[in-house]
Amino acid sequence: MATDTRPTRRPVMLPGHSAPAAGLEAPFEMLAACHDRVERMLALQGKLQRHLLDKGCDGPARQAARDVMRYFDLAAPLHHQDEELHVFPPLLAGPDAGLRKLVQRLVLDHRHMETAWLEARRTLQAIAVSPAFGGLPLTPVQTVALDQFAALYRGHLDDENSIVYPAAQAMLPPGAVQGMSEDMMQRRGVHPQRQPHPPAL
């Protein structure tokens, strides 16, 4: 029997995606799980700020900065793409003027988050490469950069979880949800789990 020697493409393992194929086959559950991960990363960022004041810049501080950067560099942009490609368009095209206005604001939030991330990342990068030393009070500019970035997400996540996701999920037909799942997998380099063929009778 011939052996398939073609190289297999490994899925891109992003923070918060421990079981990517299974999660992405249920895209709205995956999106909600990403929000949980965002909240954990923002909480880690807050702990990092307190740690710098209490213990200074040490190994755990540098690792925390790298973890936060990795998530918002890799996973967050894909998450925003998921929403803008699949969740927001049916609501923007729908009859509910209130939903359309809310979604338009959420799209603007994404642009503001991208800009705010550039500033927050500069601070985190400085921490990640800093040599170990005692208490490190962040400058006012650095503190504002981190605080503003975190603040942008709070109301944004609440509106998506409580209003936008349920509305989009109710509106999308099964075929559109399947297409959403396949696109999310493709952009992450994940192949769907195929069900085995039933035995021939």
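**Helix packing, term by term**

Mentor: α2 and α3 cross in a left-handed way, meaning that the near helix is turned anticlockwise from the far one by less than a right angle. This is a predicted model, where local features need pLDDT of at least 70, side-chain atom pairs count only at pLDDT 80 or more, and totals for chains, interfaces and linings use all residues. Numbering starts from 1 along each chain as its sequence is written, and side-chain values use heavy atoms, leaving out hydrogens and water.

Trainee: Why are α2 and α3 called roughly antiparallel to each other?

Mentor: Helix α2 (residues 27-55) and helix α3 (residues 59-92) pack at about 150°, their axes 10 Å apart. The label needs an angle over 145 degrees, so α2 and α3 are roughly antiparallel.

Trainee: What makes α3 and α4 roughly antiparallel?

Mentor: The axes of α3 and helix α4 (residues 97-128) cross at roughly 165° and come within 10 Å. That angle makes α3 roughly antiparallel to α4.

Trainee: Why is Cys-34 called buried?

Mentor: Buried means under 20% relative accessible area with a 1.4 Å probe, protein chains only (exposed is over 50%, partly exposed in between). Cys-34 has 4%, so it's buried. Cys-57, at 1%, is buried too.

Trainee: How many disulfides are there?

Mentor: The structure has 0 disulfides, a disulfide being a pair of cysteine sulfur atoms within 2.5 Å.

Technical notes
Axes are lines fitted to C-alpha atoms, for helices over the stretch in contact, and angles run from 0 to 180 degrees between N-to-C directions. Helices (H or I, at least four residues) and strands (E, at least two) are DSSP runs, numbered from the N terminus. Angles under 35 degrees count as roughly parallel, over 145 as roughly antiparallel, 65 to 115 as roughly perpendicular and the rest as oblique.
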